[in-house]
Amino acid sequence: LDIVVAVSLLAGTMRRTRLADWINAKRVLRYLKGTKNLGLSYSKERKEFFGYSDASYAEEEDRKSVSGYIFMYAGAAISWRSQRQNIVAQSSAEAEYIALAEASKEAIWLRKMAKDFEMKIDRPLLIYEDNQSAIKLANNPLHTKRSKHIDVQYHAIREYINNNLIIVKYLPTDQMVADLCTKSLAKVLHTKFSTAMGLIKINNQ
């Protein structure tokens, strides 16, 4: 889960590999070798069930944005995804809204799975988002000039919110753990968010 972006970027160079790509691939292997004692650590004392949603706006060559989400339970990640969006978003708010819509679908599926395991969920599933405009779009049932061109499939999130299945709250960008699934990060941030996902040292070997 901590190399999803690196793997995605490397996979995109397979048709026309350059020396720089080979160097980057070896860098990922060195990282894996140096972190082989890391693992996800879950705790039965921690019952929080919530998610993070994020997007990187138009960073790909085709100007498509990347969506990412992470869902946490018992102190560590249980579901995560990094994927290029199918359409070209016209603003960072739209890119974040599309990512939030994808995260909300995963949230609904996780709620259903939790019921199969007879887990009691008596409140909306919380999703953290770092874009205020995307949160307003999700909570506003009206179509505005800024949102009328957005495909109707992404507006399903509004129904989930109205039915108290999910709730979206703002989280500052410097605390957005899902950044790990949308863009390459400096070492300090990468380590910070990996740890926040529950990835910790599990032995001394």
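Student: Leaving aside its neighbours within four places in sequence, which residues is I157 in contact with?

Tutor: Bear in mind that this is a predicted model. In it, I157 is in contact with Y97, L100, A101, S104, A138, I166 and V168, once neighbours within four places in sequence are left aside.

Student: Now strands. How do I read the two faces of one?

Tutor: In a regular strand the side chains alternate between the two faces of the sheet. Take strand β2, residues 49-56. On one side you find F49, G51, S53 and A55. On the other are F50, Y52, D54 and S56.

Student: Which strands does β2 pair with?

Tutor: Look at β3 (residues 66-73) and β5. Eight bridges join β2 to β3, and these two run antiparallel. Find Y52 in the model: I70 of β3 stands opposite. With β5, the pairing is parallel, over four bridges. There, F50 has L126 as its bridge partner.

Student: What about a loop residue? Is S65 buried or exposed?

Tutor: First place the residue. S65 lies in the loop between β2 and β3. Its relative accessibility is 0%, so S65 counts as buried. Beyond neighbours within four places in sequence, S65 is in contact with S56, Y57, A58, Q83, R84, Q85, A89 and A95.

Student: And L38: where does that residue lie?

Tutor: L38 lies in strand β1, residues 38-40. At 29% relative accessibility, L38 counts as partly exposed.

Student: How far apart are L38 and K201 in sequence and in space?

Tutor: They are 163 residues apart in sequence, yet 4.4 Å apart in space, C-alpha to C-alpha. With neighbours within four places in sequence set aside, L38 is in contact with L199, I200, K201 and I202.

Student: Let's turn to empty space. How is that found?

Tutor: Rolling a probe the size of a water molecule over the atoms shows where empty space is left. In this model, the largest pocket has a volume of about 1,400 Å³. Its lining has 42 residues. V5, A6, L9, L10 and S184 lie nearest the centre of this pocket.

Student: Which element gives the most to the lining of the largest pocket?

Tutor: Helix α1 does, with six residues. Elements that each supply at least two residues are α1 (4-11), α2 (19-34), β4 (76-84) and α6 (187-196).

Student: How do the residues of that lining divide?

Tutor: Into 15 nonpolar, 14 polar and 13 charged.

Student: How much space lies in the second largest pocket?

Tutor: About 370 Å³. This pocket is lined by 14 residues, and K47, F49, I121, R123 and P124 lie nearest its centre. Strands β5 (125-129) and β6 (166-170) give two or more residues to this lining. The lining of the second largest pocket has eight nonpolar residues, six charged and no polar ones.

Student: How many cavities of 30 Å³ or more does a search of the whole structure find?

Tutor: One. S67, G68, Y69, R81, S82, Q83 and E102 line the cavity. Two or more of the lining residues come from each of β3 and β4. By type, the lining of the cavity divides into one nonpolar, four polar and two charged residues. Notice Q83: this residue lines the cavity and is also in contact with S65.

Terms used:
Residues are numbered from 1 along each chain as its sequence is written. This is a predicted model: local features need pLDDT of at least 70, side-chain atom pairs count only at pLDDT 80 or more; totals for chains, interfaces and linings use all residues. Side-chain values use heavy atoms; hydrogens and water are left out. On a 1 Å grid over the protein atoms alone, a cavity is a set of points where a 1.4 Å probe fits but cannot get out, and a pocket is an open set with protein on both sides within 12 Å along at least five of seven lines; lining residues have an atom within 4 Å of a point. Grid points are joined across faces, edges and corners, and a volume is the space filled by probe spheres set on the points. Ala, Val, Leu, Ile, Met, Phe, Trp, Tyr, Cys and Pro count as nonpolar, Asp, Glu, Lys and Arg as charged, and the others, Gly among them, as polar. Buried means under 20% relative accessible area, exposed over 50%, partly exposed in between (1.4 Å probe, protein chains only). Two strands pair if DSSP finds at least two bridges between them. Contact means heavy atoms within 4.5 Å.
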